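This report is written for a reader new to the structure. The sequence and model are shown below, and the text then goes through a few places in turn.

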Amino acid sequence: MFSLVPTCKGRHVSKFLPSLRLCCQLFSVATNTLQFSSDGFANENKNDDIDLLFQSCTNVHHAKQLHAFLVVSGKVQNIFLSARLVNRYAYLGDVSFSRITFDLIPRKDVYTWNSMVSAYVRSGRFREAIDCFSQFLLTSGLRPDFYTFPPVLKACQNLVDGKKIHCQILKLGFVWDVFVAASLVHLYSRFGFVGVARRLFDEMPIRDVGSWNAMISGFCQNGNAADALDVLIEMRSEGVKMDRVTATSLLTACAQSGDILSGMLIHLYVIKHGLDFDLLICNALINMYSKFGSLGHARRIFDQMDIKDLVSWNSIIATYEQNDDPMTALGLFYSMQLLGIQPDFLTLVSLASILAQLSDAAKSRSVHGFILRRDFFVQDVVIGNAVVDMYAKLGAIYSASTVFEGLPIKDVISWNTLITGYAQNGLASEAIEVYRMMQEYKEIIPNHGTWVSILPAYTSVGALQQGMKIHGRVIKNCLDLDVFVGTCLIDMYAKCGRLDDALLLFSQVPRKSAIPWNAVISSHGVHGHGEKALKLFKDMLDEGVKPDHVTFVSLLSACSHSGLVDEGQLYFHMMQEQYRIKPSLKHYGCMVDLLGRAGHLNKAYSFIDNMPVRPDASVWGALLGACRIHGNVDLGRIASERLFEVDSENVGYYVLLSNIYANSGKWEGVEKVRSLARNRGLSKTPGWSSIEVNNNVDVFYTANQSHPKCQEIYQKLSDLTAKMKSLGYVPDFSFVLQDVEDDEKEHILNSHSERLAIAFGLISTPPKTPIRIFKNLRDGACSCGDYW
DNA sequence: ATAGGGTTAG
């Protein structure tokens with residue numbers, strides 16, 4: 001027996017009941033009093049009841065009940081009712097049921113087809129919408145009407161498709177319908193064809209706010225806020241008032257282009273016209289203030305909204321997620337759950353990033369599980385990419401790659417995310433391998449994100465020739481003037497020892513933002529050209545570029561590498577007084593390094609004591625490094641004790657301390673530190689040197705024996721040593737930090753990774769070829785992403 | 001009964 005009462009579980013019963021009662025009443029109205037015939041309603045004045053019947057289906061479950069009822073009572077034969085089901089299912093977010101219903105309708109009319117096309121458009125399945133429309137034209141033998149075209153135009157994802165549709169519209173003579181014309185205007189402005197959009201707009205016989213909005217929003221979606229604002233001025237001068245749609249589009253565009261002034265003016269307009277409680281406008285405002293970094297404004301708008309929807313929640317959560325406050329973001333997510341609001345895939349995108357920021361591995365895995373259970377991976381690529389990124393940021397690169405493998409849809413960003421993941425986890429050759437695999441997929445077109453992810457990987461192994469190949473491709477794609485790609489290239493040339501080329505590139509990229517400046521200042525600092533770094537900083541100020549916190553990290557570290565103590569202190573004050581930048585732990589670390597390196601160990605120590613924030617491992621590490629340089633065992637011991645209180649996991653610091661002991665011949669200290677590290681399950685990150693010969697990077701570790709040319713390399717080294725000794729070379733054993741005999745020390749010196757790489761370079765290249773050796777574990781070297 | 005212009009995103 002067929003039941004009319006839907007089962008209702010959970011906490012919405014009280015909300016649910018009235019509509020359920022209404023639904024039942026209407027079912028009885030439908031069964032008892034409505035007369036159906038094969039071509040429509042006999043009783044015309046009952047249409048209102050039919051509307052109510054459909055509208056009372058507020059979830060897919062209701063719709064299925066009604067559907068079943070229509071099937072059982074045979075009324076599904078009525079194509080109007082079936083088409084309405086198609087619409088209703090789409091409205092409730094289940095297009096697959098729309099399609100099933102649609103397919104079962106035997107004799108489809110234009111309304112049926114229009115309903116199916118718009119069902120696809122409504123749920124964002126544009127490709128299927130276009131396919132359905134083509135099927136309509138080819139198989140139905142029916143003539144589309146002017147209801148058909150607006151959704152179809154919206155579904156066009158490129159101008160070629162759009163132009164085809166435009167031609168069909170011209171042939172059928174629907175151009176002057178207000179809606180069709182507005183859709184065409186929107187199409188052209190969306191793809192940046194300002195002139196065509198303009199001409200069509202000017203030719204429209206009737207224009208309302210909607211027509212203006214079509215043009216303005218098209219420009220906004222094309223990232224063209226300036227043109228959109230020009231059209232706005234024109235629109236207002238013709239006496240047409242901005243409405244909620246105009247405001248929403250423009251706010252979004254201002255957010256994207258960073259136009260704070262216009263954004264706030266529109267906000268004022270919105271308040272003045274009483275639109276400040278409109279849901280969509282508020283959502284757009286939250287988003288805009290979030291992009292401007294004004295968390296307070298975003299939050300105030302959110303708190304004052306009396307009706308909030310899922311977009312509002314997602315927006316406010318993303319606001320905190322993207323402005324480095326993952327704790328607050330997570331708290332908001334919990335409040336949302338308490339209110340019983342179901343998260344969608346965009347909520348989960350933010351949540352993945354939040355948990356990565358909090359490095360909460362356990363919660364991250366449960367987020368992954370949640371996404372799997374809800375089948376969100378098939379909904380959109382974005383969510384898959386977010387999970388890959390989450391695992392990569394947590395250092396679980398194996399999980400990241402497993403998720404990547406299993407993604408049902410992969411786009412170029414998925415690949416970029418995995419490449420970046422490997423590169424940032426220190427696995428450059430894996431990153432390079434992924435990039436190689438990506439090139440086997442013809443449909444994946446690399447974009448600027450690809451270059452930004454692969455260039456640092458090449459840089460980190462010193463693969464200059466490979467990197468230059470990418471530089472070539474970048475030029476071909478006209479992306480060499482992109483700030484981010486350009487900065488990666490500058491960083492690459494600089495790290496590979498070609499500062500001149502780095503500077504040449506720097507002179508070509510747009511440098512209104514601090515990003516390329518940060519890279520070029522840092523590069524000079526790392527290479528010990530402190531004066532030049534200061535000169536570049538001065539140029540930056542002269543060109544009116546505002547330095548940011550990264551600039552000062554680069555600058556302070558440049559000062560410390562060149563012993564410019566006074567200058568460093570001056571800039572540390574300038575940063576706070578003049579630029580109101582609160583020093584971060586990185587800045588404090590630089591200052592300790594600056595003082596310590598120059599030998600002012602006690603000053604450095606008291607500087608740490610006077611810090612207003614709790615020093616972290618990097619600050620103590622800087623002091624420890626300085627103690628090593630100046631052989632101060634006592635302070636070194638103090639620094640390391642404090643250091644291991646805050647971070648006992650980083651091997652680098654154990655190595656430093658053990659080197660301090662070794663330098664002063666305290667071998668029992670060395671042994672103690674080593675066993676401490678061993679007991680904590682830590683092993684030393686091996687140092688390596690690499691050299692690129694014939695487009696191939698060879699990596700050498702100390703005392704490497706596994707290289708195919710091993711024998712020749714050691715032979716070459718011993719020849720060279722003999723030659724050097726005959727010219728008066730005496731090995732300096734102070735760099736050997738092991739307690740062994742002198743001939744063993746000489747062997748250790750001879751098998752340093754740099755020497756192996758040089759010897760390999762000499763035997764593998766023709767005479768007079770420049771040999772460029774690249775080392776990991778470089779002091780003060782940062783990765784490219786640190787510049788922005 | 002179906003239609004234009006609008007918010008969140010890796």
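Lysine 768 sits in the loop between α42 (753-764) and β5. In this predicted model, its phi is near 70 degrees, a positive value in a residue other than glycine. Lysine 768 counts as exposed because its relative accessibility is 85%, and the cut-off for exposed is over 50%.

Cysteine 478 also has a positive phi, of about 55 degrees, although it is not a glycine. Its place is in the loop between α27 (464-476) and α28 (483-495). With a relative accessible area of 63%, cysteine 478 is exposed.

Tryptophan 667 belongs to helix α39 (residues 667-679). Alanine 318 is 349 residues away from tryptophan 667 along the chain, and the C-alpha atoms of the two are separated by 54 Å.

The strands come next. Strand β3 (residues 688-693) is mostly covered, with six of its six residues buried. In a regular strand the side chains alternate between the two faces of the sheet. In β3, Trp688, Ser690 and Glu692 point one way, while Ser689, Ile691 and Val693 point the other way, and all are buried.

β3 has strand β4 (residues 696-701) as an antiparallel partner, over six bridges. The two form a hairpin with two residues between them, and asparagine 694 in the turn has a positive phi of about 50 degrees. β3 is also joined to strand β5 (residues 773-775) by three bridges, and these two run antiparallel. Which residues does serine 690 face in the two partner strands? In β4 the bridge partner of serine 690 is valine 699, and in β5 serine 690 stands opposite phenylalanine 774.

The model also holds DNA strand B, with 48 residues around it, of which Tyr111, Asn213, Gln221, Leu280 and Asn385 come nearest. Sugar and phosphate account for 41% of the atoms of DNA strand B that come within 4 Å of the protein. Helix α12 (residues 209-221) gives the most to the surface near DNA strand B, with seven residues. By class, that surface has 19 nonpolar, 19 polar and ten charged residues.

| Side chain | Base atom of DNA strand B | Distance |
|---|---|---|
| aspartate 208 | nitrogen | 2.7 Å |
| aspartate 243 | nitrogen | 2.9 Å |
| asparagine 314 | oxygen | 2.9 Å |

Last comes the chain as a whole. Chain A has 42 helices and five strands. Its C-alpha atoms fill a box of roughly 115 × 60 × 55 Å, taken along the principal axes. Of the 788 residues in chain A, buried residues make up 47%. The accessible surface of chain A comes to about 39,100 Å², and 55% of this belongs to carbon and sulfur atoms. Among contacts in chain A with a separation of 6 or more, residues 24 or more positions apart account for 61%.

Conventions
Residues are numbered from 1 along each chain as its sequence is written. Chains are lettered from A and ligands numbered from 1 in the order in which they are written. This is a predicted model: local features need pLDDT of at least 70, side-chain atom pairs count only at pLDDT 80 or more; totals for chains, interfaces and linings use all residues. Side-chain values use heavy atoms; hydrogens and water are left out. A residue is near a molecule or strand if one of its heavy atoms lies within 4 Å of it. A polar contact is a pair of N or O atoms within 3.5 Å; within protein, one must be able to donate a hydrogen and the other to accept it, and residues adjacent in sequence count only if both atoms are side-chain atoms. Helices (H or I, at least four residues) and strands (E, at least two) are DSSP runs, numbered from the N terminus. Ala, Val, Leu, Ile, Met, Phe, Trp, Tyr, Cys and Pro count as nonpolar, Asp, Glu, Lys and Arg as charged, and the others, Gly among them, as polar. Buried means under 20% relative accessible area, exposed over 50%, partly exposed in between (1.4 Å probe, protein chains only). Two strands pair if DSSP finds at least two bridges between them. Contact means heavy atoms within 4.5 Å. Accessible areas come from the Shrake-Rupley method with a 1.4 Å probe; for residues, only the protein chains shown count as cover.
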